[in-house]
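My notes follow as numbered points, beginning with a question.

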Amino acid sequence: EAPPWSGGNAAYSIPAVLEQVKAHKTTLIFHNTRAQAELFFHNLWLANAESLPIGIHHGSLDRQQREKVEAAMVRGDLRAIVCTGSLDLGIDWGDVDLVIQIGAPKNVKRLVQRIGRANHRYNAPSKAVLVPANRFEVVECQAALDAVEAGELDGETRHHGPRDVLCQHILITACAGPFLAEELFADITSVGAYTSVTKEEFSACLDFCATGGYALRAYDQWNRLVEISPGQWQLRDPRSTQLIRMNIGTIQDTDTLKVRLRRNRGGKPLGEVEEGFAASLTPGDTFLIGGQIVRYEGLREMVVEVSRNAAKKPKVATFLGTKFATSTQLCERVVNIFQKDSWDDLPRHTADWLDLQRQVSQLPRPGRLLVESFPHDGREQTAFYGFAGRNAQQTLGLLLTKRMEEMGLNPLGFVATDYATLVWGLDPIKDPAPLFDLAALQNGLDRWLSGNAVMKRTFRASATIAGLIQRNTPSARKTGRQATFSSDILYDTLQKYDPNHLLLKITRDEALRGLVDFGRIEEMARRVAGRIDHMVLPRVSPLAAPMLLEMGRVPVKGEAEERLLAEEAARLMQVSGLAQVTPPASSTPKWRVGW
């Protein structure tokens with residue numbers, strides 16, 4: 001059956017998935033996010049007319065509920081489990097004879113790992129079915145299968161070892177007793193990811209662990225090491241050993257709140273939701289957790305209290321979460337598929353879709369950047385096919401709209417997918433090349449990052465790993481809100497009084513590599529090297545059409561919005577017969593929504 005042009009839940013496939021479940025003994029149905037798993041399980045259960053025993057398993061569910069599902073699976077009581085990466089590893093259930101991957105796997109290694117859960121025996125082949133959630137994912141799934149057949153696994157490029165982890169290691173070493181800096185430096189540089197660490201970088205980390213840095217050295221709590229003889233260091237206060245050891249770790253959990261039924265309904269724990277998601281709820285909102293719709297009643301002692309609800313559809317989404325970004329290798333394979341003369345290995349509906357794209361525009365080519373401009377819905381639309389992954393394409397949208405504002409092109413908003421960024425505005429883009437000046441993009445990124453929440457979010461994680469912030473104490477654990485409050489104060493202080501502080505440098509490196517993924521934008525710019533195919537079209541192209549339906553649109557607040565409001569105000573005044581007052585040329589009219 002032809003998948004829709006957009007969307008990520010693959011609801012169209014539920015009848016076919018149920019047929020596969022019936023035809024096999026036990027099936028694992030993998031999803032890339034918890035939200036997708038919850039929604040799919042809910043829709044699957046509504047369509048389960050034969051009441052086949054089906055469970056759901058992911059990391060946000062209550063531990064007892066997860067163990068109950070696992071035990072039922074071991075006994076062979078379940079015909080299928082809708083799950084996420086929580087069942088990627090360590091699963092050796094002989095009864096599992098089919099894996100279904102809902103949505104493109106985004107990563108070849110992840111796909112191989114999941115396929116391996118079926119027929120997990122040395123003498124039996126594993127078996128899986130891939131279910132693309134939309135038209136583009138058909139191509140991505142085929143690219144992933146081709147990579148598996150070729151034995152080419154993907155993975156992230158090896159980066160230099162994070163310096164916040166190095167700081168934590170220095171503190172942990174000090175907990176074991178006095179140490180010589182030279183010996184510790186030799187140990188650290190013998191490790192693969194840290195072989196390139198310089199003596200200056202190591203000394204900076206050691207100074208941070210000893211004093212907290214220039215702006216913080218006056219505070220006792222961050223004066224943790226003391227030099228007892230030349231080159232030999234130890235903890236200033238041995239009693240801090242307990243606190244340091246309690247905060248060891250580099251995996252930063254998402255801050256969550258427990259969800260349980262109201263006490264007068266039994267008080268049964270259901271699982272967890274992100275603090276940010278809980279903060280967005282108002283009494284009466286319904287959402288999915290554990291495959292059931294619940295009604296939000298209120299927050300009691302940092303616990304989300306809910307009651308069961310008989311609604312057919314939840315009012316709001318289930319989890320905030322994030323989406324995986326397609327790997328660089330997989331993106332390259334997708335572009336290579338586009339270069340074929342025909343697509344006999346793809347379903348007819350997808351092959352026709354690509355053929356139509358080739359007729360009305362062109363398909364992206366290796367080593368070149370395809371840019372399409374076309375009018376739609378009274379706005380000028382421009383699609384940039386960077387194939388750099390969701391995070392990088394999102395960042396590209398922010399930087400491009402900022403550049404467009406500087407060039408007077410009046411952008412209104414953008415939306416990003418794994419393969420492209422679509423920007424809409426008031427004025428057409430006649431030459432996209434100046435937008436991709438790498439130095440200008442870098443400057444725009446620096447200005448954007450300096451006051452953005454991404455930096456504060458990254459700083460909190462790095463500060464926790466490096467030991468500047470302790471989440472765990474002998475008496476209690478700081479809530480996410482308390483940790484955020486502490487880290488925000490520290491971040492603002494360092495930005496103001498010590499902008500070259502080691503942790504701010506670490507934060508920038510981690511932000512560029514993680515949430516922002518600017519490295520993939522730089523790689524794309526180098527790969528393209530100014531070779532841009534700009535297609536000016538009379539209407540939307542088949543490849544751009546799905547982005548018009550994509551959720552997660554980001555509005556741009558700027559001169560374009562003010563211009564629109566001014567024009568609308570003038571129109572209303574003309575319709576109502578009122579005289580329009582022209583402001584002086586030196587002043588800018590500040591119109592307000594609801595004028």
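1. How much space lies in the second largest cavity? The figure is about 40 Å³. The model is a predicted one, and the volume is computed from it.

2. The lining of that second largest cavity is made up of Phe136, Glu140, Thr326, Leu330, Cys331, Val334, Phe387, Asp418 and Tyr419. Two elements give two or more residues each to this lining: helix H5 (135–150) and helix H11 (328–338). H11 gives the most, with three residues.

3. By class, the residues around the second largest cavity are six nonpolar, one polar and two charged. Tyr and Cys count as nonpolar here, so Tyr419 and Cys331 in this lining fall in that class.

4. The largest cavity has a volume of about 80 Å³. Its lining consists of Gln168, Leu171, Arg224, Leu243, Ile244, Asn247, Ile248, Thr464, Ile465, Gly467 and Gln470. Helix H6 (163–175), helix H9 (241–246) and helix H15 (453–466) are the elements that supply two or more residues to the lining of the largest cavity.

5. Sorted by class, the lining of the largest cavity holds five nonpolar residues, five polar residues and one charged residue. Gly counts as polar, so Gly467 of this lining is placed in that class. Arg counts as charged, so Arg224 of this lining is placed there.

6. How many cavities of 30 Å³ or more does the count give? There are four.

Definitions and conventions
Residues are numbered from 1 along each chain as its sequence is written. This is a predicted model: local features need pLDDT of at least 70, side-chain atom pairs count only at pLDDT 80 or more; totals for chains, interfaces and linings use all residues. Side-chain values use heavy atoms; hydrogens and water are left out. On a 1 Å grid over the protein atoms alone, a cavity is a set of points where a 1.4 Å probe fits but cannot get out, and a pocket is an open set with protein on both sides within 12 Å along at least five of seven lines; lining residues have an atom within 4 Å of a point. Grid points are joined across faces, edges and corners, and a volume is the space filled by probe spheres set on the points. Helices (H or I, at least four residues) and strands (E, at least two) are DSSP runs, numbered from the N terminus.
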